Amino acid sequence: MQHRSLLPMCVIVCLTAGTAQGQTTTDAQREALVIQARQGALATSITGLTTLYQQTNNALVREDLIALLVRAGRHQEALLVCAACQTDSYSNNELANLAGAARSNGELDKALAMFQTLTYRDPSNAQGWLGQALVHTDKGSYTLAEIALQQHEQVAGVTTAGLEAKGYLAAKTGNAMQELATRQRLLEQTPTNTSELQALYRLAVGLGASTAASRLMQSNPEVFSASDRLWLTYYEGVTDIRLGNHTDQPARITRGLAQLDSVISNPDAPQELVTIAEYDKVVALAELRRFSEAEALAVRLEAQHGQLPSYVLRARAHALNGMGRPFEAAALYETLIQQSPAQATNPDDPLNEGLFYSYTDAQRFREADALLTEWRSSEPEQRLDFTRTLRIENPNYQKVLLLEVLLDAWRGRASEASEQLAAYQAQAPADPYLWLIKGDIERDRGWPRKAEASYQQALTMLPLERQEVAQHGVLLARLQRGQWRGTTHEIAQALAEARPSASRDDMAREWREQRAPQLSSSFARSKGQGSGTQASREWQYEVLLEGPRNSSGSRAFAQRIGQFGEFEEESLYAAYNIAGYEWNLHPATVTLAAGQGAQLNEDFLALAELQYAPTDHLTTTLGIEINTSDTPLRALQDGVNADRYRAEVAYRHDERGAGAIGVMATDFDDSNLRQSVYGYWNQTLYHLDRWQINGEVRGSASRNDEVDASYFNPRRDASLGGELTLNYETPLNYRRSFTQSFSLGSGRYWQEDEDSENTWSIGYQHRWELAPTVNFEYGIRRERAVYDGVPEYDNVFSAGFVWRFL
């Protein structure tokens, strides 16, 4: 936009300047040519004045010629009328016209010099001050422009031209509020100025002042078209979406989305408007976490219009992350950062944060670590506030510190993350967001009761409108520890009322997956298990169908167990069909089941188990099995059944270490009472990113009565062993991975009346996690076991899967 209001004024003044002079022949010819120009023969008049000036070199002729050339827009010719003339030789009118021509021609320094000469010669010359203001604005000398405008107002008062120049300066400096105020004053002076009314309308909608724009439209319906009304609806929708995002009001985003849809569906909407409305619809859908819709629309728009605008790509990256496609999201974030590096660390919404979460969801932890290191190095601990006078805490610096804590936890260093978080809390104990992160980490470490306490602490510190995340954390912690009664009702209510958010999505997913029915199966094939008390099983399979959990967390289940063994060239089969129910009586769980044996064992069987978990660390179990499915096949062949009684105490220290000790008594029908004690401890020795090393130590001992039995029945025996397992995980996508495991174990087995012997095993296994629906695994193991003092070498094949019905 360029301000040209000076030129017509100067031209009118110059064309009448000579009327008071004596009427010489030259003056008569000049005046006739000027009258001719007024009558419309502008080009003919210019030609005549040019000839007359060449003949007479008359200053008044030159002044009129310059005025007419400027009026005709022939600025370069006007500047060349007297190329050899000094600036001081021009009249005030010539200076005003030539300065305006020079400005229009882009010769700003020449224009400024002429306007300055004009005001130096006549300090009360309003045109000179106005011209200086416009040229200074063109040159970006905004302070000088403001001074010139003040001088203009002093000598001329408030004029339309002055207000237009002030609006031009406000537009150039991006001072939208000043521009709005200026245009309002202009409109007050000239209420019928249609172009100014429309400019004010465009400025109002651009500022998000859609209410004011709507009033303008209602007050002046004849000025605006149906297309203008559609544009207003669009701007109102965009304003609602942006404000809803910044103020965390999803309802307002929803309202804005409805307005965009009304524009898009209108058959009279221009295509340009439909396109940008659909672009903004992608943003709204992503903000409302309707990720699949946002991505589908983005794909269509890209196919129709090519490269998407950066703000749409940003929304699409957010949607891809939410859909569990972090690899694609990371690529988009990287592209956006390359295009606009400053946006990577934008204090309000840094792109680095979205890229970080994409990397971690894709398990690209080293890249996430490098990103945080680079980001932290570029962020000071404090920054200037918006006034540029006061130093405040830098939110980006604080954000990087907390992301580093989360990254440590996700990489397998949860203990170190907890320690670092505790150090931050010592410095800021009243920070609710530190308590929220503490709760998240504790929940991930398997401490739901501690996590709930942390979330409750955060609730006491958060304002009412910010408490949803902490409330969702409390409900998730209760669900994790098994406190379903009452919690599921609260979850259902929260899901119905909660605003779209990541915590809401996490809660919905966790609740859906824990309630889901599932089918699992396992299979093992071997020639025997040597030192184990079964020692007569060549293969076994188990199929378990678990029904959906009800609102109390209880569920029914059905199970099929099959066994096969071949001894002395005789094939032995046994199977069990079981149905049962698991009652959730938090913190206790009671499981009751009954069934019927088949083939070798056709007797009734039943089991009852009580599990009690009073803390995050301790779980006790008591169990009774009547006609246990672990009865050896050769005992069944001999018509001997067995009942089993078991007690166990399990301790879980954290995500790295857990173990149990237990006692067991197996009462055989042949008067044999097998008494056993066992214990084990599993420990993660190393875990970083995709690599993990686990160690296990286990031991057991048993005592049996001296009875004549065909099944393996040592008088006394004991075993002690350990195993190391190396795991390497290859991420396939979010919550999808392929894990390879290599295990190496050794031990010692002792049996009364026999020499003690070494045992060992070596194995390799694959595990595919195609979450949340299907997981399956398979593996092979070579082992050395001992049976009645005789070493046995065996190959064991195993497989299993879990299929959840979501």
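1. Strands β14 and β15 (residues 736–751) pair in the antiparallel sense, over 16 bridges. Strands pair here if DSSP finds at least two bridges between them. The model is a predicted one: local features need pLDDT of at least 70, side-chain atom pairs count only at pLDDT 80 or more, and totals for chains, interfaces and linings use all residues. Residues are numbered from 1 along each chain as its sequence is written, and side-chain values use heavy atoms, with hydrogens and water left out.

2. Look at both partners of β14. On one side, β13 (residues 691–703) is joined to β14 (residues 716–733) by 13 bridges, and these two strands also run antiparallel. Glu696 has Glu723 of β14 as its bridge partner. Gly722 is bridged to Ser746 in β15. Strands (E, at least two residues) and helices (H or I, at least four) are DSSP runs, numbered from the N terminus.

3. What does Arg735 do in the hairpin of β14 and β15? There are two residues between the strands, and Arg735 takes a positive phi near 60 degrees. Arg735 sits in the loop that links β14 to β15. Most residues other than glycine have a negative phi, and most peptide bonds are trans. Arg735 is a residue other than glycine with a positive value. Arg735 counts as partly exposed because its relative accessibility is 29%. The cut-offs are under 20% relative accessible area for buried, over 50% for exposed, and partly exposed in between (1.4 Å probe, protein chains only).

4. Thr739 lies in β15. Is Thr739 buried or exposed? Thr739 is at 12% relative accessibility, so it counts as buried. Its touching residues, not counting those up to four places away in sequence, are Asn727, Tyr728, Glu729, Gln765, His766 and Arg767. Contact means heavy atoms within 4.5 Å. Of these, Asn727, Tyr728 and Glu729 fall within the residue range of β14, 716–733.

5. Now the helix α20 (351–361). How many of its 11 residues are buried? The count is nine, so α20 is largely enclosed by the rest of the structure. Leu351, Asn352, Glu353, Gly354, Leu355 and Phe356 are among the buried residues. Ser358, Tyr359 and Thr360 are buried too. Which helices do they pack against? They are α18 (310–322), α19 (326–339), α21 and α22 (395–410).

6. Gln363 follows α20 and has a positive phi, near 60 degrees. Gln363 belongs to the loop between α20 and α21 (365–377). Gln363 counts as buried because its relative accessible area is 16%. Leave aside neighbours within four places in sequence, and Gln363 is in contact with Arg690, Glu729 and Pro731.

7. Two other backbone spots deserve a look. His586 and Pro587 are joined by a cis peptide bond, with omega about 10 degrees. Pro587 is in the loop between β6 (570–585) and β7 (588–599). Asn627 is another residue other than glycine with a positive phi, near 60 degrees. The loop that holds Asn627 runs between β9 (618–626) and α29 (633–637). Asn627 is buried, with a relative accessible area of 3%.

8. How many disulfides does the structure hold? There is one. Cys82 and Cys85 form the link, with their sulfur atoms 1.5 Å apart. The limit for a disulfide is a pair of cysteine sulfur atoms within 2.5 Å. The link of Cys82 and Cys85 is right-handed, with 70 degrees about the S-S bond. Cys82 is at 11% relative accessibility, so Cys82 counts as buried.

9. The structure holds two cavities of 30 Å³ or more. A cavity is a set of points, on a 1 Å grid over the protein atoms alone, where a 1.4 Å probe fits but cannot get out; lining residues have an atom within 4 Å of a point. Points are joined across faces, edges and corners, and the volume is the space filled by probe spheres set on them.

Methods:
On a 1 Å grid over the protein atoms alone, a cavity is a set of points where a 1.4 Å probe fits but cannot get out, and a pocket is an open set with protein on both sides within 12 Å along at least five of seven lines; lining residues have an atom within 4 Å of a point.
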